[in-house]
Each structure stands twice: as structure tokens, then as C-alpha cells.
Amino acid sequence: MDSIEKKRMLPTKLKQLRENAGLPQRKLAAALDIDTATYSKIETGKIIPSKGQIIQIANILSESESELLEFWMAEKIALIAESDIELAPAAIKLVGEKLNIE
């Protein structure tokens with residue numbers, strides 16, 4: 001696992017929630033209609049689940065959809081930002097201004 005994968009927020013959150021629910025990966029994978037290996041890649045940060053999968057996971061685990069979707073969006077933004085870490089802070093600030101958020 002490389003250092004980027006270790007820093008992933010969404011995989012860590014998903015694993016924590018699944019383990020807290022006492023649900024094995026294979027059962028969550030089956031509920032999502034994906035194989036266990038694919039779900040494992042989600043929890044290790046090798047792939048990012050779709051928005052629909054995040055909503056399904058939230059429902060399966062009885063967790064907040066909005067909170068998991070925030071983690072999902074943050075993960076996607078972080079991946080883009082990591083491609084040019086020097087430009088990322090200014091770009092994120094511009095996005096905040098465009099969306100009128102601070």
C-alpha cells in the first residue's frame with residue numbers, strides 16, 4: 001500500500017462503519033451486488049465507489065447519506081488536488097469562492 005492509499009478518508013470511514021456494524025466485507029459486497037475483492041479495493045482506497053454505492057452503503061449500515069457523500073466528495077477532490085499539490089490550495093479556495101462558501 002503506498003502512502004497515498006494510507007491517507008484516504010473514505011476507505012477508513014467505510015471500514016470503521018462496517019466493522020462497527022459487525023458486517024463482514026462479503027456480506028456488504030453481496031448487498032451491493034459486487035464481489036468481495038472489489039469491495040476490498042474500496043476499503044483499501046484502490047477504487048472509489050460510485051455515488052449510488054455510497055448511498056446504498058449508508059442505507060445498509062443505517063448511517064447518514066449526507067455524511068458519507070461528504071466523505072465521498074472530499075475523497076474525489078483530494079485525488080485531484082494531489083496531482084498538483086502546489087496549486088491545490090489556491091484552486092480549492094477558488095472553488096469555495098465560486099460556490100460562495102468559506
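Author: Happy to! Let's start with a pair of side chains: Glu 43 and Tyr 39 are joined by a polar contact of 2.9 Å. A polar contact here is a pair of N or O atoms within 3.5 Å; within protein, one must be able to donate a hydrogen and the other to accept it, and residues adjacent in sequence count only if both atoms are side-chain atoms. The side chain of Glu 43 also makes a polar contact with that of Gln 25, again at 2.9 Å.

A word on the background. The model is predicted, so local features need pLDDT of at least 70 and side-chain atom pairs count only at pLDDT 80 or more, while totals for chains, interfaces and linings use all residues. Residues are numbered from 1 along each chain as its sequence is written, and side-chain values use heavy atoms, with hydrogens and water left out.

Where does Glu 43 sit? Its place is in helix H4, residues 36-43; helices (H or I, at least four residues) and strands (E, at least two) are DSSP runs, numbered from the N terminus. Glu 43 has a relative accessible area of 9%, which means that it is buried: buried is under 20%, exposed over 50% and partly exposed in between, with a 1.4 Å probe and protein chains only. Not counting residues up to four places away in sequence, Glu 43 touches Pro 11, Leu 14, Lys 15, Arg 18 and Gln 25, where contact means heavy atoms within 4.5 Å.

In soluble globular proteins, nonpolar side chains tend to be buried together.

Ile 34 is worth a look too: leaving aside neighbours within four places in sequence, Ile 34 is in contact with Ala 29, Tyr 39, Ile 42 and Gln 53.

Stepping back, the protein has seven helices and zero strands. Of its 102 residues, 29% count as buried, and the C-alpha atoms fill a box of roughly 40 × 30 × 20 Å, taken along the principal axes.
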